[in-house]
Amino acid sequence: MNNDNNSGNPDPDHLLRVYADGIYDLFHFGHARSLEQAKKSFPNTYLLVGCCNDETTHKYKGKTVMTEAERYESLRHCRWVDEVIPDAPWVINQEFLDKHNIDYVAHDSLPYADASGAANDVYEFVKAAGKFKETKRTDGISTSDIIMRIIKDYNQYVIRNLDRGYSRKDLGVSYVKEKRLRVNMRLKKLHEKVKEHQEKVGEKIQTVAKHRNEWLVENADRWVAGFLEMFEEGFHKMGTAIRERIQEHLMRQQSRNSTYLLEISDEDEEYYYYDDEDVVNDNDNEEYYDEDEYYDQKDERK
C-alpha cells in the first residue's frame, strides 16, 4: 500500500486505487453516478467495486430482486468500473485494504450499521484513517423507489405479464384474482378513454369559444351601432305611443267633464222653473174669507 496516499494533494501521475462497495440491486443510473464520482475522485484512478453476495445481503439488508451473479454482471458492464470484487465483506478492515492495495474508499456519507448490532458505522475505520472519499447520492432514484413503483402498480404488471404468456402459477395468482384483475383493468381503460374523450371535447369547446370571442371582437362595433339604432327607433315609437295615450286620456276626461256640466245645468233649470198653470191651480184651492159673514156668525152665537 502506498504511504504517500495520505497527503491532501497526491501526485496526479500516480495511479490511485479507489474502492467502492454496495449491493447494486436493480442497477440504475443512481448507482452509475456514484461510481462515476468515485472514478473521478483523482486524475488517475483505478476503480474497484465490491459487491456482497446473496447470503450476506439477505442476512443484513434483506431479500434482493436480482441474484448475486446478475448484480456482478451488471457492474461489469458499467463504463466507470475497472474491476469487480465478488463476495465483498459487509465491514471493511485493514486486511481487506492491504489485500487489494486500496488507497481510498468512496461512498456517500450516510452511516451504515455494521454487523455488531451496536449501530456502528461500517466506514468508521476508513474515515478515522483519512481514506474516505465522499460521493453524493442522486435524488429521486433508488432501488427501494423502483420496488415501490412496482408494488404500487402491481395489478397492472400482473395483467401485463399474463398477456405476455406467463401463467397464473408463475405469478402466484389464483383464477378468481386473475378474473377480478382483468375486470378492473377493463374498467380502468374505459375510464381513461372517457377521460381522454372529455379532454378532447374540452379542447374543442375552448377552440370554438376562442374563435367566437375573436368574431365578437371583430363585429362588436357593428353590433353596438345596430343596437343603438334599434334602441333609438324603439324609444321613438314608445314615446309616440305614450303621447297618443296621454292625448286620448285627456280627450276622454274633457268629454266626461262636459257631460257632467250639462247634467248640472239641466238640474238647475228644473229647480227654478215654474209652470203658470200650477200657480193658478194653487190659488183656486185657497179659501175665500168674507168679513160680513164672520160678524153675522158671531151675533148668532150670542
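This is a predicted model: local features need pLDDT of at least 70, side-chain atom pairs count only at pLDDT 80 or more; totals for chains, interfaces and linings use all residues.
View 1. Let's start with H1, which spans residues 29-39. Its buried residues are Gly 30, His 31, Ala 32, Ser 34, Leu 35 and Ala 38. What covers them? The cover includes strands S1 (16-22), S2 (45-51) and S4 (104-107), along with helices H3 (68-76) and H6 (143-152).

**View 2. The largest nonpolar core and a second one.** Here 19 residues make up the largest nonpolar core. Val 18, Tyr 24, Leu 35, Leu 47, Val 49 and Leu 75 have the most contacts inside it. At least two residues of this core come from each of S1, H1, S2, H3 and S4. A separate core of 13 residues includes Tyr 19, Ile 92, Ile 102 and Val 105. In soluble globular proteins, nonpolar side chains tend to be buried together.

**View 3. The contacts of Tyr 24.** Which residues does Tyr 24 touch, leaving aside those up to four places away in sequence? They are His 31, Leu 35, Val 49, Gly 50, Cys 51, Arg 71 and Leu 75.

View 4. Helix H9 covers residues 175-272. An unreviewed UniProt entry places a "coiled-coil region" at residues 180-207. That stretch is 100% helix and 0% strand, with its end C-alpha atoms 41 Å apart. Elsewhere, Val 224, Phe 227, Leu 228, Phe 231, Phe 235, Met 238, Ile 242, Ile 246 and Leu 250 form a nonpolar surface patch of about 940 Å². Take Ile 242, a residue of H9: it counts as partly exposed because its relative accessibility is 45%.

Key. Residues are numbered from 1 along each chain as its sequence is written. Side-chain values use heavy atoms; hydrogens and water are left out. UniProt positions are given in the numbering used here, feature names are shortened, and annotations may be inferred rather than shown by experiment. Helices (H or I, at least four residues) and strands (E, at least two) are DSSP runs, numbered from the N terminus. Buried means under 20% relative accessible area, exposed over 50%, partly exposed in between (1.4 Å probe, protein chains only). Contact means heavy atoms within 4.5 Å. A nonpolar core is a set of buried Ala, Val, Leu, Ile, Met, Phe, Trp, Tyr and Cys residues joined through side-chain atoms within 4.5 Å. Patches are made of residues with over 30% relative accessible area and no salt bridge: like charges are joined within 9 Å, nonpolar side chains (Val, Leu, Ile, Met, Phe, Trp, Tyr) within 5 Å. Accessible areas come from the Shrake-Rupley method with a 1.4 Å probe; for residues, only the protein chains shown count as cover. A salt bridge is a side-chain nitrogen of Lys or Arg within 4 Å of a carboxyl oxygen of Asp or Glu.
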